[in-house]
Amino acid sequence: MSGAYSFRVPEDIKNQAFEVIKNYGLTPTQAINMFLREIALTHTIPLRLDYQPKPETIAAMQAVNRGEVEMLAVDTVDEAIVLMQKMAQETKR
């Protein structure tokens with residue numbers, strides 16, 4: 001059984017990537033299926049995820065480490081969404 005999924009990607013990135021995929025003798029569908037299968041098998045994302053935070057992000061992380069901001073913990077994405085919605089409503093008041 002298979003399913004369909006659509007997503008948005010910048011046209012220039014899509015064209016560049018599809019050209020590389022074609023040069024490997026694959027179709028975009030085959031390449032995306034390989035990518036998703038690798039994630040499912042390894043439980044990791046098979047990409048370099050080098051992240052360089054912006055200065056304001058570093059400052060925010062340092063504020064958390066110094067205990068200057070309230071930290072909230074959730075167990076699921078759904079809990080995080082509910083919490084953020086409540087916080088947004090509170091700031092409107």
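Is histidine 43 buried or exposed, and what is its relative accessible area?

Author: Histidine 43 is exposed. Its relative accessible area is 70%. The cut-off for exposed is over 50%, so histidine 43 qualifies. Keep in mind that this is a predicted model. The protein chain averages a pLDDT of 91. Of the residues, 100% score at least 70.

Start with the position. Histidine 43 sits in the loop between α2 and α3, the latter spanning residues 55–65. Histidine 43 follows α2.

Now the backbone. The phi of histidine 43 is positive, near 60°. That is a positive value in a residue other than glycine. Just after α1, glycine 25 takes a positive phi of about 80°.

Helix α2 covers residues 28–42 and has 15 residues. From its first C-alpha to its last, α2 reaches 21 Å. That is close to the 21 Å expected at 1.5 Å a residue. Helix α1 can be checked in this way too. α1 has 13 residues and reaches 18 Å from first C-alpha to last. The expected span for α1, at 1.5 Å a residue, is close to that, at 18 Å.

Confidence can be read by helix. Helix α1, residues 11–23, has the highest confidence in the protein chain, at 96. Helix α4, residues 77–92, has the lowest, at a mean of 90.

α2 also matters for the pockets. The largest pocket holds about 380 Å³ of space. The elements that give two or more residues to its lining are α1 and α2. α2 supplies the largest share, six residues. In total, 15 residues line the largest pocket. Ile21, Pro28, Ala31, Ile32 and Phe35 lie nearest its centre. By class, the lining has 14 nonpolar residues, no polar ones and one charged.

The second largest pocket has about 190 Å³ of space. Its lining is made of Ser2, Gly3, Ala4, Tyr5, Phe7, Thr29, Ile32, Asn33 and Leu36. Five of these residues are nonpolar, four are polar and none is charged. Ile32 is in this lining, and Ile32 is also among the residues nearest the centre of the largest pocket.

Now the charged pairs. The whole structure has three salt bridges.

One joins aspartate 50 and arginine 48, at 3.0 Å from N to O. Aspartate 50 is exposed, because its relative accessibility is 57% and the cut-off is over 50%. Arginine 48 is exposed as well, at 74%.

Another joins glutamate 11 and lysine 14, at 3.4 Å from N to O. Both residues are in helix α1, three residues apart, so about one helical turn separates them. Lysine 14 has a relative accessibility of 26%.

Methionine 61 lies in helix α3. Methionine 61 and leucine 41 are 20 residues apart along the chain, and their C-alpha atoms are separated by 33 Å. Methionine 61 is partly exposed, with a relative accessible area of 42%.

Isoleucine 81 is in helix α4. Isoleucine 81 and aspartate 50 are 31 residues apart along the chain. Their C-alpha atoms are separated by 26 Å. Isoleucine 81 is partly exposed, at 38%.

Back to the starting point. Histidine 43 is exposed at 70%, follows α2 with a positive phi, and belongs to the loop between α2 and α3.

Notes
Residues are numbered from 1 along each chain as its sequence is written. This is a predicted model: local features need pLDDT of at least 70, side-chain atom pairs count only at pLDDT 80 or more; totals for chains, interfaces and linings use all residues. Side-chain values use heavy atoms; hydrogens and water are left out. Helices (H or I, at least four residues) and strands (E, at least two) are DSSP runs, numbered from the N terminus. The expected span of a helix is 1.5 Å times one less than its number of residues. Buried means under 20% relative accessible area, exposed over 50%, partly exposed in between (1.4 Å probe, protein chains only). pLDDT is the predictor's confidence in each residue, from 0 to 100. A salt bridge is a side-chain nitrogen of Lys or Arg within 4 Å of a carboxyl oxygen of Asp or Glu. On a 1 Å grid over the protein atoms alone, a cavity is a set of points where a 1.4 Å probe fits but cannot get out, and a pocket is an open set with protein on both sides within 12 Å along at least five of seven lines; lining residues have an atom within 4 Å of a point. Grid points are joined across faces, edges and corners, and a volume is the space filled by probe spheres set on the points. Ala, Val, Leu, Ile, Met, Phe, Trp, Tyr, Cys and Pro count as nonpolar, Asp, Glu, Lys and Arg as charged, and the others, Gly among them, as polar.
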